[in-house]
Amino acid sequence: MISQTLREARRYEEATDQMITAEERPAFHLSTRVGWTNDPNGFSYYQGKYHMFYQYHPYATYWGPMHWGHAVSKDLLHWEYLPAALAPDAPYDRDGCFSGSAVELEDGRQLLMYTGVLRMPQLDGPSLELQTQCLAVGDGTNYEKYAGNPVLDAKDIPEGSSCYDFRDPKVWKASDGTYRCVIGNRPADGSGQILLYSSPDGFSWKFEKVLVANRNRYGLMWECPDFFPLDGKQVLLTSPQDMLPEGLEYHNGNGTLCLIGTYDEETETFTEEHNQAIDYGIDFYAPQTVLTPDGRRVMIGWMQNWDTCGLQGQKNEQKWFGQMSLPRELSVKNGRLYQRPLRELDALRRNKVSYEDVVFTDTIRLDGIEGRRLDLEIELSADGEEVYKKFAVRFAQNERYHTGLSYRPQEHILKIDRKFSGSRRAVIHQRRSEVKSENGRLKLRIILDRFSVEVFVNDGEKVVTATVFTGQEAQGVSFFASGRVRMNVVKYDLTGE
Ligand code: FRU
């Protein structure tokens, strides 16, 4: 049975998505079908396809009552929209179907687990949002909410913890065929914690334990957890709110956190060994991962950040808001998280142009290197004994605009700067991160789509992501050196076709 609210959303998206042309969308990143999206949800492989659901307000380009949008893909780069999967139409999720995840049940159906939100007006202050965990079961297109919803509520959280910050279940099947999920929550100390639950069948859930406690270390409330084994280690990804900066590792506001450690399955104990940000750019939040049929752990994040949502200007000036990052293959090396662009991206490469051993001390342009949908591989080193002072590459460039990435090897600073990308808003436009090098050696892989840049540093040791809404006529690329830089560069166009 499809509710009136869902039927309306489906009718609306069907009738309005033709108003957005292919050129007005990213070429190989998933964007919202219409309206607004934030977090990726229910990222899964089901019945021979990848499924991506997303936080969705179809009716406007700003956040509103959350639905779940839905798209499928064979290669994670070309997406086909399916009808919206969930609408806020039940007594327990009337004010929103918040983030969640998906898993395949024993009988072949797909289970969606999400947070239902119910706003509770208060006499003496702003209303509170009661958050509970809910289920919907479906066939890959249509989903029916479970009659037993909500399956987890205030009774199922540790004493003193908040039922108003209890969200974003990430579910998986354990090796013994039972189910587990992790959920973000706020304990009495006002920061965040990740709760672990178990279920024999996916429907009846039981609180197991506090898996990880923030104890006010990394921001406050932890949103959108994901938890998985990788390369002999165990990884927890989460997106903390209200972070304070720590050197160049974490920055103010909504950030991302990766904890790497070990996991004892017997006692379900996670022991932390290392912490880092997931992305060191400006626009990346709430990532989710999927395990591909060939065993790769692939992550996609919301290529946006709550603190920079104002970048595009006035509400309703734009036709859509919100896109997902490139799919990134994850690995753990030397105890750190590494990311590389999904290898399927290589199939979109066309028109190779390459240069070797270009030595320069000033601004240069190279014939054949320009465009807005690009895959640029750059290798730098010092030329001679002396390490250069600064290297920069500018792209999305014309007389008026450019976005740039610069590197100062002596200070170990890599900086992204999109100040000159046409933005008329005072949101963050620059971010620095620490990248060490020997003799100025640095490897960059820069992926440009129409409205974004993602920079993979030193084979994925760090990634720097930013949205860039410079007009598409700004196609130029130039390079700059202060001191003597030696550079190899390979360029491909990325077609999206
Ligand atoms: C993270 C988040 C989630 C929540 C959703 C609501 O971006 O705040 O915690 O489920 O967005 O849209």
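## Paired strands

Two strands are said to pair if DSSP finds at least two bridges between them. In this predicted model, strand E6 (residues 110–122) and strand E7 (residues 125–138) meet that condition, since twelve bridges link them in the antiparallel sense. One of the residues concerned is Arg 119, whose bridge partner in E7 is Glu 129. Strands of a sheet pair through backbone hydrogen bonds, and the pairing may be parallel or antiparallel.

## The sheet containing E6 and E7

E6 and E7 belong to an open sheet of four strands, arranged in the order E5-E6-E7-E8 with antiparallel pairing. At the edges stand E5 and strand E8 (143–145); each has a single partner strand, so one side of each is left without a neighbour in the sheet. On average, and with direction ignored, neighbouring strands of this sheet are turned by 30 degrees against each other.

## The sheet from E17 to E21

Another open sheet is formed by four strands in the order E17-E18-E20-E21, and its pairing is antiparallel. Its edge strands are strand E17 (285–291) and strand E21 (336–341), each of which pairs on one side only.

Val 332 stands opposite Leu 337 in E21.

## The largest pocket

Rolling a probe the size of a water molecule over the atoms shows where empty space is left. The largest pocket has a volume of about 830 Å³. Its lining consists of 31 residues, and Val 171, Trp 172, Lys 173, Ala 174 and Arg 297 lie nearest its centre. The elements that give two or more residues to this lining are strand E1 (35–46), strand E5 (97–104), strand E9 (166–173), strand E13 (222–230) and E17.

## The surroundings of the ligand

Around the ligand there are 13 residues, of which Asp 39, Gln 55, Asp 168, Glu 223 and Trp 306 come nearest.

An N or O atom in the side chain of Asp 39 is 2.7 Å from a ligand oxygen atom. For Glu 223, a polar side-chain atom lies 2.8 Å from an oxygen atom of the ligand. Ser 99 contributes through its backbone, with an N or O atom 3.1 Å from an oxygen atom of the ligand.

Note on methods
Residues are numbered from 1 along each chain as its sequence is written. This is a predicted model: local features need pLDDT of at least 70, side-chain atom pairs count only at pLDDT 80 or more; totals for chains, interfaces and linings use all residues. Side-chain values use heavy atoms; hydrogens and water are left out. On a 1 Å grid over the protein atoms alone, a cavity is a set of points where a 1.4 Å probe fits but cannot get out, and a pocket is an open set with protein on both sides within 12 Å along at least five of seven lines; lining residues have an atom within 4 Å of a point. Grid points are joined across faces, edges and corners, and a volume is the space filled by probe spheres set on the points. A residue is near a molecule or strand if one of its heavy atoms lies within 4 Å of it. A polar contact is a pair of N or O atoms within 3.5 Å; within protein, one must be able to donate a hydrogen and the other to accept it, and residues adjacent in sequence count only if both atoms are side-chain atoms. Axes are lines fitted to C-alpha atoms, for helices over the stretch in contact, and angles run from 0 to 180 degrees between N-to-C directions.
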